[in-house]
Amino acid sequence: MRSKVRRVARAGRRIQWLMAGWLTLVWWALWGTWSAMSLVGGLVVATLALTLFPLPALKLDVSVRPLAVVALVLRFLLDVVVASVQVAVTVLRPPRDLRNAIVRVQLRSDSELTLVIVAELVSLVPGSIVVEANRASHTLYLHVLDVRGPDALDAQRRRVLAQEARVLKALPPRRSPEPDPETDTDTEPDPETEVAR
């Protein structure tokens, strides 16, 4: 029992140092001066912040498939380039009936890590941003630029679900709960959409 507690404590400390490294890099990037002094200052600030406000130990119960991760990153970069061109065209030549929309997408996975990763990837693609993520129902609400009818809404929803599938392929959960035959259904709720001018 003690060895298990020690392993958990060591894992928590390791995650904290990984977070400290990430916060240091963010600090370094925000300062914009690539000097050793700003790097050391970022490390001190990150360590102090994590000491005063410790984060709970993070348990990532996922496997990593390197080839699928590479495919996920490459497809994400392609999406960013294509969406950037589309947004640039929309900004330079806005259509007369320009409409934006709030799209509700029900994710298939019940993993909170998948919810976070999909929300981040979708928000980083120009033209769409997650305005709300419901952890209880694993639902994303997106603001989408230049929506031209129901087909465009369905296409956006399919893009998000395809992104989720790529994330699950790259970072599959190690253990998946067995479905309950009494409560499990094959039908999915039809996502609601609301188009706003």
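Glutamine 163 is buried, with a relative accessible area of 4% (buried means under 20%, exposed over 50% and partly exposed in between, using a 1.4 Å probe and protein chains only). This residue sits in helix α5. Leaving out residues up to four places away in sequence, glutamine 163 touches Leu72, Asp79 and Leu121, where a contact means heavy atoms within 4.5 Å.

A word on the model comes next. The structure is predicted, so local features need pLDDT of at least 70 and side-chain atom pairs count only at pLDDT 80 or more, while totals for chains, interfaces and linings use all residues. Residues are numbered from 1 along each chain as its sequence is written, and side-chain values use heavy atoms, with hydrogens and water left out.

Stepping back, the protein chain has five helices and four strands, in the order α-α-α-β-α-β-β-α-β along the sequence. Helices (H or I, at least four residues) and strands (E, at least two) are DSSP runs numbered from the N terminus. Of the 197 residues in the protein chain, 26% are buried. Among contacts between residues at least 6 apart in sequence, 74% join residues at least 24 apart.

Now for the helix pairs. Helix α3 (residues 66-92) and helix α5 (residues 150-170) have axes that come within 8 Å and cross at roughly 155 degrees. That makes α3 roughly antiparallel to α5; the cut-offs are under 35 degrees for roughly parallel, over 145 for roughly antiparallel, 65 to 115 for roughly perpendicular, and oblique for the rest. Axes here are lines fitted to C-alpha atoms, for helices over the stretch in contact, and angles run from 0 to 180 degrees between N-to-C directions. The α3 and α5 crossing is left-handed, meaning that the near helix is turned anticlockwise from the far one by less than a right angle (clockwise would be right-handed). On the α3 side, Ala68, Val69, Leu72, Arg75 and Asp79 meet Gln163, Arg166, Val167, Lys169 and Ala170 of α5. By class, the residues of this contact are five nonpolar, one polar and four charged (Ala, Val, Leu, Ile, Met, Phe, Trp, Tyr, Cys and Pro count as nonpolar, Asp, Glu, Lys and Arg as charged, and the others, Gly among them, as polar).

Helix α4 also packs on α5, at an angle of about 125 degrees and with the axes 10 Å apart. That makes α4 oblique to α5, and the crossing is right-handed. Thr114, Ile117, Val118, Leu121 and Val122 of α4 make this contact with Val160, Gln163, Glu164, Val167 and Leu168 of α5. Here the count is seven nonpolar, two polar and one charged.

Neighbours within four places aside, valine 118 is in contact with Leu107, Leu140, Val160, Glu164 and Val167.

Two further residues deserve a mention. Arginine 104, in strand β1, is buried at a relative accessible area of 15%. Its C-alpha atom is separated by 7.9 Å from that of arginine 157, 53 residues apart along the chain. Histidine 138 lies in the loop between β2 (128-134) and β3, and has a positive phi of about 55 degrees although it is not a glycine. Histidine 138 is buried too, with a relative accessible area of 12%.
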